[in-house]
Amino acid sequence: MAGEGPTGLRPVMCVVGARPNFMKIAPILRALAAHQPPIPAFLVHTGQHYDADMNDRLFSDLGLPQPDLNLGVGSGTHAVQTAEVMKRFEPALDEHKPSCVLVVGDVNSTLACTLVAVKKQVPVVHVEAGLRSGDRRMPEEINRVLTDQVADRLYITERSAAGNLEREGVAPERIVFTGNVMIDSLHSHRANARSPADTLRAHGLESALIDHAHGYGVVTLHRPSNVDDAATLGALLGTLAEVAARLPLVFALHPRTRANIERFGLAHLIDPTRMLLLPPQGYLEMLGLMSGATLVLTDSGGLQEETTALGVPCLTLRENTERPITVEQGTNTIVGRDAAAILQGVDEILAGRGKQGRVPEYWDGHAAERIAADLSRWLAAGAH
Ligand code: UD1
């Protein structure tokens, strides 16, 4: 059983599963440890992401400690993955008896551990609560809605999330606006970001490419809605080839996307002299690539936020976003999958008319400290 902290408090069981969780949990673990008195933590990794590229490099870049426990679930259908996490998480909860379970984001591991904990009457704390795309075809949207319905304490990254939660019947006293922990990580590591030239060189690619008049763009794509259908992925790659004719692109390929490009026979749509393919990048590499980019084309939630924090124009290749503040205040534009809209967005940016944006409230590098402070009070009050 995990030990108690100096105040006799049982540990906060912090859960990570997939890549976007790691940059959120790292500052939270640091803030729990730095809090006075320290709040003990126990880190559980469900093993949803397991590749060196998707997992190990991020852990070392972010200075994350090795997990206290790895459930090793791996890949599977949504049902299998969620069920495996639940089956393996339950005995861990019984054994370690945490004061609460803290989950972040919206991946399958987030929901699976939440369901196990609430049914055992262990309080659940959700960081990055209340974001809604309004699109229930997204697996993450289901994970968000269900997690928030049953979580006891909900920390939000932007004020619009409170409205979403209240519309779904969540009591306002459970919601606390603490800001964006992902941006805490960005602040901590920006100075150590790897230069884009070094990253390209490490993959045998010449950085001469990025000396082009317009610099370079960064691309990531991994949403099932964009990459799991051959026609959709083919059309997107065709549009990206047109973008690449204007501006060289650096494309960090998620394993799902790489596999589908091969499976659907779409590799011929990629001109390797204009579109540089990289494996999934470490945190410091990605931060360097984004910081130096002229623009970012993505379907990732995290990149929409990071580009807003960095002031780099972002074109989101989706029909919606659960992060509206990146559009209202930041540098994000939702362009969908329509080739004309994407190219128009690119041309605007290349003409110097990209969004400048401003950094949203509480995206200031101190969100995790606010969470630790609130959590300490809340646990002490036994209000759950
Ligand atoms: C998951 C999250 C998504 C997040 C993304 C970041 C859910 C529902 N989705 O999607 O919100 O944006 O992580 O990457 O939880 N694979 C590997 N190595 C790994 C992990 C996965 O090769 O370490 C491959 C496997 O073929 C697997 C596929 O990627 O089937 C998808 O992985 P999975 O964890 O199911 O979902 P992601 O698409 O990564």
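Which residues are buried in helix 13? In this predicted model, where residues are numbered from 1 along each chain as its sequence is written, local features need pLDDT of at least 70, side-chain atom pairs count only at pLDDT 80 or more, and totals for chains, interfaces and linings use all residues. Side-chain values use heavy atoms, with hydrogens and water left out. The buried residues of helix 13 are Gly301, Gly302, Leu303, Gln304, Glu305, Glu306, Thr307, Thr308, Ala309 and Leu310. Buried here means under 20% relative accessible area, exposed means over 50%, and partly exposed lies in between, with a 1.4 Å probe and protein chains only. Helices (H or I, at least four residues) and strands (E, at least two) are DSSP runs, numbered from the N terminus.

Helix 13 spans residues 301-310 and is mostly covered, with 10 of its 10 residues buried. Just after helix 13, Gly311 takes a positive phi of about 75°. Helix 12 (residues 283-291) is also mostly covered, as eight of its nine residues are buried. Among them are Tyr283, Leu284, Glu285 and Met286.

Seven strands form an open sheet in the order 3-2-1-4-5-6-7, with parallel pairing. Strand 3 and strand 7 (175-177) stand at the edges, each with a single partner strand, so one side of each has no neighbour in the sheet. Two strands are counted as paired if DSSP finds at least two bridges between them. In general, strands of a sheet pair through backbone hydrogen bonds, either parallel or antiparallel.

Strand 1 (residues 12-16) runs parallel to strand 2, and five bridges join the two. Val15 has Val44 of strand 2 as its bridge partner. Strand 2 (residues 41-45) is largely enclosed by the rest of the structure, because four of its five residues are buried. Two bridges link strand 2 to strand 3 (residues 69-70), again in parallel, and His45 stands opposite Asn70 in strand 3.

Strand 1, helix 1 (residues 19-34) and strand 2 make a right-handed β-α-β unit. A crossover is right-handed if, with the strands pointing away from the viewer, the path from the first strand over the helix to the second runs clockwise. Strand 2, helix 2 (residues 52-61) and strand 3 make another right-handed β-α-β unit.

Further along the sheet, strand 5 (residues 124-127) pairs with strand 6 in the parallel sense over three bridges, and Val127 stands opposite Tyr155. In a regular strand the side chains alternate between the two faces of the sheet. Both faces of strand 6 (residues 153-156) are covered: Arg153 and Tyr155 are buried on one side, and Leu154 and Ile156 are buried on the other. Strand 5, helix 5 (residues 139-150) and strand 6 make a right-handed β-α-β unit. From strand 6 the chain crosses through helix 6 (residues 160-167) to strand 7, and this β-α-β crossover is right-handed. Strand 6 and strand 7 pair in parallel over three bridges, with Ile156 and Phe177 as bridge partners.

The model also holds a ligand, surrounded by 20 residues, of which the closest are Gln48, His49, Tyr50, Glu140 and His222. By class, the shell has six nonpolar, eight polar and six charged residues. Ala, Val, Leu, Ile, Met, Phe, Trp, Tyr, Cys and Pro count as nonpolar, Asp, Glu, Lys and Arg as charged, and the others, Gly among them, as polar. Helix 1, helix 3 (78-96) and helix 11 (255-263) each supply at least two residues of the shell. A polar backbone atom of Asn108 is 2.8 Å from an oxygen atom of the ligand. A polar side-chain atom of His222 also lies 2.8 Å from a ligand oxygen, while an N or O atom in the side chain of His254 is 2.9 Å from an oxygen atom of the ligand. Taken alone the ligand exposes 740 Å², and the protein buries 84% of that, with areas from the Shrake-Rupley method with a 1.4 Å probe; for residues, only the protein chains shown count as cover.

Definitions and conventions
A residue is near a molecule or strand if one of its heavy atoms lies within 4 Å of it. A polar contact is a pair of N or O atoms within 3.5 Å; within protein, one must be able to donate a hydrogen and the other to accept it, and residues adjacent in sequence count only if both atoms are side-chain atoms.
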